[in-house]
Amino acid sequence: MSRLHSENHLVSRIGWLRAAVLGANDGIVSTASLVVGVASASAGSSEVLVAGIAGLVAGAMSMAAGEYVSVSSQSDTEQADLDRERKELETQPEFEREELAQIYVARGIQPDLARQVADQLMAKDALAAHALDELGISEMTTARPIQAALTSAATFAVGAALPLLMVFISPANLLVWTVSLASLLFLALLGAVGARAGGANVWRATLRVTFWGAFAMALTAGIGAVVGTAI
């Protein structure tokens, strides 16, 4: 008898990985863009640093609040669907059993076998069976607002700290270039690490993250230069 091979699926990482990559990416891009924009307006290093620190604090709080509110909305919707499904199971058990069976029939299972599967799954945990196969809600992918909020805030702060570090070590006349190039390297590293953690294509993710980061910084630098010249 052959032994079952073990599998290491990465779907359970979706919740925190999405929040982590979003937070770190936003921290690097927004803070680097802010620093580059202010520096391009011919501001001094102290003004650039103050703007960057303010952006870090405000951005981390904004990410935490935004993630908590948005993921809470998702969680509320999931809970409402589960409550509705629980009531239907109490009032219309036969209809729900047939509904579950038809889902399996649509996937290619013979009708008689599909009804047997539905009967056995509902005998064990009817709500869990309908949540997974009818609503697409599972334990691994369910919304976790607090986890998303804390992860986004922490990774935003870490990401934002990287461009700020460049302000301390870069000569004033090279600040824009130093922050821009270093931030692109940070973004490339973030794309590679995120792709690796999620089992995705490393080169595609790295290119995607780096391209949009470069676009954001270039646009902000251009606006800063124009405003600085006008003022």
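Ile137 is buried, at a relative accessible area of 13%. Here "buried" means under 20% relative accessible area, "exposed" means over 50%, and "partly exposed" covers what falls in between (1.4 Å probe, protein chains only). The model is predicted, so local features need pLDDT of at least 70 and side-chain atom pairs count only at pLDDT 80 or more, while totals for chains, interfaces and linings use all residues. Residues are numbered from 1 along each chain as its sequence is written, and side-chain values use heavy atoms, with hydrogens and water left out.

**The chain as a whole**

- The chain holds seven helices and zero strands; helices (H or I, at least four residues) and strands (E, at least two) are DSSP runs, numbered from the N terminus.
- Read from the N terminus on, the elements run α-α-α-α-α-α-α.
- Of the 231 residues in the chain, 36% are buried.
- Accessible areas come from the Shrake-Rupley method with a 1.4 Å probe, and for residues only the protein chains shown count as cover.
- Take the contacts (heavy atoms within 4.5 Å) between residues at least 6 apart in sequence: 74% of them join residues at least 24 apart.

- Where does Ile137 lie? Look in the loop between H4 and H5.
- Leaving aside residues up to four places away in sequence, Ile137 touches Glu78, Leu82, Ala131 and Leu132.
- Ile137 and Asp81 are 56 residues apart in sequence, with 9.6 Å between their C-alpha atoms in space.
- Phe168 belongs to helix H5 (residues 145–169), and its relative accessibility of 60% makes Phe168 count as exposed.
- Between Phe168 and Ser45 there are 8.6 Å in space, C-alpha to C-alpha, although they are 123 residues apart in sequence.

**How H2 meets H3**

- Two packed helices are described by the angle between their axes and the distance between the axes.
- Helix H2 (residues 45–91) packs with helix H3 (residues 93–106) at an angle of about 115 degrees, and their axes are 5 Å apart. The axes are lines fitted to C-alpha atoms, for helices over the stretch in contact, and angles run from 0 to 180 degrees between N-to-C directions.
- Which residues meet here? From H2 come Glu85, Glu88, Leu89, Glu90 and Thr91, and from H3 come Pro93, Glu96 and Glu99.
- Sorted by type, the residues of this contact are two nonpolar, one polar and five charged. In this sorting, Ala, Val, Leu, Ile, Met, Phe, Trp, Tyr, Cys and Pro count as nonpolar, Asp, Glu, Lys and Arg as charged, and the others, Gly among them, as polar.

**Salt bridges**

- A salt bridge is a side-chain nitrogen of Lys or Arg within 4 Å of a carboxyl oxygen of Asp or Glu. How many are there by this rule? The count comes to six salt bridges.
- One of them joins the side chains of Arg97 and Asp119, at 2.6 Å from N to O. This pair links distant parts of the chain, with Arg97 in helix H3 and Asp119 in helix H4 (residues 111–133), 22 residues apart.
- Arg97 is partly exposed at 25% relative accessibility, and Asp119 is partly exposed at 37%.
- Glu94, Arg97 and Asp119 are linked in a network of salt bridges.
- Glu98 and Arg115 form another salt bridge, their closest N and O atoms being 3.1 Å apart. Glu98 lies in helix H3 and Arg115 in helix H4, so this pair ties together parts 17 residues apart in sequence.
- Both partners are partly exposed: Glu98 has a relative accessibility of 30%, and Arg115 has a relative accessible area of 33%.
- The side chains of Asp133 and Arg107 also meet in a salt bridge (3.2 Å, N to O). Because Asp133 lies in helix H4 and Arg107 in the loop between H3 and H4, the pair ties together parts that are 26 residues apart in sequence.
- Asp133 is buried, with a relative accessible area of 17%, whereas Arg107 is exposed at 55%.

**A nonpolar patch on the surface**

- Phe211, Trp212, Phe215, Leu219 and Ile223 form a nonpolar patch on the surface, and together they have about 570 Å² of accessible area.
- Patches are made of residues with over 30% relative accessible area and no salt bridge; like charges are joined within 9 Å, and nonpolar side chains (Val, Leu, Ile, Met, Phe, Trp, Tyr) within 5 Å.
- Trp212 sits in helix H7 (residues 202–230). With a relative accessible area of 52%, Trp212 is exposed.
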